Amino acid sequence: MGGTRARGATVAGMRSLVLIGHGSHLNGESAVAVYRYADLLRGRGLFDEVIEGYWKEEPSLRQVLKTTASTDVTVIPMFISEGYFTETVIPRELGLGHQGPVPPEGIARVIGGRTVRYTQPYGVHPGMADVIEARAREVLPELGPDGPTDGVDTALIVLGHGTTRNENSSRVIVENAARLRESGLFSEVHALFLDEEPRVTGWPDLVRAPRVVIVPFFASEGWHTLETIPQDLGLTGTVTDFPGQPHGDQRVFYARPVGTHAAVADVIVHLAEEARGAGGPGGDTERGHEAAWQAFLKLARRGARVGELLITPELGVFEVRHALDEGRPGGDLMTLVTPEGVRDRVRVTDGGEHRPVHTLRNLPRGWRAVLNEADLRRAVHYTYPAVVEETYAHGCHALRPTPWATTARRQTGIYAKVQRAVPEQVERVAERVCAGCLRTRLWAGERLTHSFLDSVPGGMPCAEACTFLVAEVREEIARKKAAASDD
């Protein structure tokens, strides 16, 4: 569903690339950077498909491998450094049977007939030093041998978040600073941090050069890069003058974060090629996945209702719209012509609220998509991630539900407390959260006898409690504890 390899690509066999982001139940912007890189890499045609997966959105980490069409899958965590998510959460949820640091060549496992290659996060790749340099040149184009400035009067600050909880968070900043120091492009290079020593607020005492470039080593634009860093440092824009500093007058050039630079796509490709065995012949079509989509297409060619979607074949293409918009003239609806257009529209409700769970009955109205058959597959994947694959597997008696107790035992960190939830608490939260969802809770013992593949539009299985429900159970426990404290 992620696109077709371009002509001239040299990679043999089939290969799927999966980009893993954190995502958010509350903020739709959290996933945008991953979508952006997926779009860039899809356009290069180096992989048969590029799929996105998330911890807090859909397709979830527990679902995402089911959505890949190839038996050769490379998974890259879209994180700026190693840590809890890349070493614990993602491997656990993908079923890799690995915990702890990932070696530079990555790890490989066979999961459900797929060879899955899991890499280090993109932020630790040595190629990120080039991205830092590129960001520096954006705000100071004359920097270096190709311009009138040779760097002798320019300092670089590589700015990281830092944390006392995980030394790996700062290590990648220090290592990149060392690489750039060795390049000789800058008169001095410093690794400074927001939340650990040496702190960036002390830069005037450390930096002697009259010109200072600050490059945030962050994955995306956000609260820190747009607000706290400029406020704490007194920056007024891209260029800020600081007269009368301890080492004389200085001018600071503030760059955009490295994680939003297009060159990160090159780093991702390098990671994928360096993963163990990634240079091999590639894989084959995953038969169960393809059978699921062929069953779906057979239904769609006759015209179908799938959840809240109405799919109508018309002259070799398909029109897709909200079922409640049936009969509305096309001129009254926004017309979309790409899967990405559908993706961006269905990620928010009519009221503009984020939709982390796509099978909730709040699909926005007022649009229609006109798509060919290949794009229809991708558009439906974006609208209802993993639903086609899981529904087909359920019909073949191959979808194994995961009981709540098993899901709860797997939780770690701040979510470990859901293990203490009693069945009544879980059911109370589920009644509130799941009431508006199209899925049938197989994990809670409910039965689904007919699905949308049997022309029952709302028939969709739910094999495991979603992360949204897990988060709500955690909140329920916290509210109960707070209420007990008040008493």
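A contact means heavy atoms within 4.5 Å. By that rule, residues 24 or more positions apart account for 72% of the contacts in the protein with a separation of 6 or more.

The structure is a predicted model, in which local features need pLDDT of at least 70 and side-chain atom pairs count only at pLDDT 80 or more, while totals for chains, interfaces and linings use all residues. Residues are numbered from 1 along each chain as its sequence is written, and side-chain values use heavy atoms, with hydrogens and water left out.

The protein contains 14 helices and 17 strands, which are DSSP runs (helices H or I, at least four residues; strands E, at least two) numbered from the N terminus.

| Property of the protein | Value |
|---|---|
| Span of the C-alpha trace along its principal axes | about 75 × 70 × 50 Å |
| Residues that count as buried | 56% of 487 residues |

Buried means under 20% relative accessible area, with a 1.4 Å probe and protein chains only.

Pro91 is found in helix H2, residues 84-94. Pro91 counts as buried because its relative accessibility is 1%. Not counting residues up to four places away in sequence, Pro91 touches several residues, among them Phe85, Leu96, His98 and Tyr118. The C-alpha atoms of Pro91 and Val102 are separated by 9.9 Å, and the two residues are 11 residues apart along the chain.

Notes. Buried < 20%, exposed > 50% of the residue type's maximum accessible area, 1.4 Å probe, protein only.
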